Amino acid sequence: MIEKIMLLSLALFMVAIALLLYRIIKGPTLPDRAIAIDTIGVNLISAIAIVSIVLKTKAFLEAILILGILAFIGTIAFSKYIERGVIVERKSRD
Amino acid sequence: MSESQGIEWIAVLLILFGSIVSVISAFGMLRLPDVYTRSHAATKSATLSVLCCLLGAFIYFWSHDGYVSVRLILGIIFTFITAPVAGHLVCRAAYRSRVPLAEGSGEDALKTVLFGNETEEEPENGSKVKQAVEREVPSEKKDHNQT
């Protein structure tokens, strides 16, 4: 029974990721896509937690931390690109 | 034994609640009209869903295996700190790159403060603003970003 509920909630997370993929493809502006990618990363974190419960292992718990850090840094890079047009700024020009 | 099973059921219900909140957040991303309202749907409820899910996983591993996972606690704290920061940065970048508001929005008081001297020769219907979303020369607005 517990396993069935886990699989149901995993399916619900996959439904949420599919809806967010629609927003990424259709999204009118670039910040829409950036926010949707950030939300997909956050949903993948919880999906990995559920997978590690279903498979009865603790080996995937490092992947939660790494995926969280990567999603955060990716969103920061996206927002900096949207705001200034460059990601890595060089001070030597002025 | 029954007490341990009850704690496991609490964890499972937390995970189920988190997944339902995540689906509601995805519907908010789909249905809301604007990038700012969409970020309102994305950051808050997605953060709530991932907090509930990771807390449920932590409680499950604690009661089922007797294993206190420090990595899950670190994941909870990291997500709780960084998700609002990321949402705020994307919204700030969206406003400064002139993504228009939705149709039924109210008065925009920040617009005259940020771009007041640049938009006074343009017409007020915002046709130039919608063009400025797809930007080609972005490096000339660098002096606005100092605050």
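This briefing describes how two chains meet in a predicted model. Local features need pLDDT of at least 70 and side-chain atom pairs count only at pLDDT 80 or more, while totals for chains, interfaces and linings use all residues. Residues are numbered from 1 along each chain as its sequence is written, and chains are lettered from A.

**Interface**
- In all, 42 residues of chain A are in contact with 48 residues of chain B (contact: C-beta atoms, placed from the backbone, within 7 Å).
- On the side of chain B that touches chain A, helix 1, helix 2 and helix 3 each supply at least two residues (helices are DSSP runs of H or I, at least four residues, numbered from the N terminus).

**Helix pair**
- Helix 2 (residues 30-54) of chain A and helix 3 (residues 70-96) of chain B have axes that come within 10 Å and cross at roughly 170° (axes are lines fitted to C-alpha atoms over the stretch in contact, with angles from 0 to 180 degrees between N-to-C directions).
- The two helices, helix 2 of chain A and helix 3 of chain B, are therefore roughly antiparallel (angles over 145 degrees).
- Residues of helix 2 of chain A in this contact include A:P31, A:D38 and A:I45, and those of helix 3 of chain B include B:G75, B:A83 and B:V90.

**Nonpolar core**
- The largest nonpolar core has 55 residues, and A:A49, B:I15, B:C53, B:L54, B:A57 and B:V90 touch the most other members (a core is a set of buried Ala, Val, Leu, Ile, Met, Phe, Trp, Tyr and Cys residues joined through C-beta atoms within 7 Å; buried: 20 or more other C-beta atoms within 10 Å).
- Helix 2 of chain B gives the largest share of this core, 13 residues.
- Beyond its neighbours within four places in sequence, B:A57 contacts A:A49, A:I53, B:I15 and B:L72.

Conventions
Parallel < 35°, antiparallel > 145°, perpendicular 65-115°, else oblique. Contact = placed C-beta atoms within 7 Å. Buried ≥ 20, exposed ≤ 12 C-beta atoms within 10 Å, placed from the backbone.
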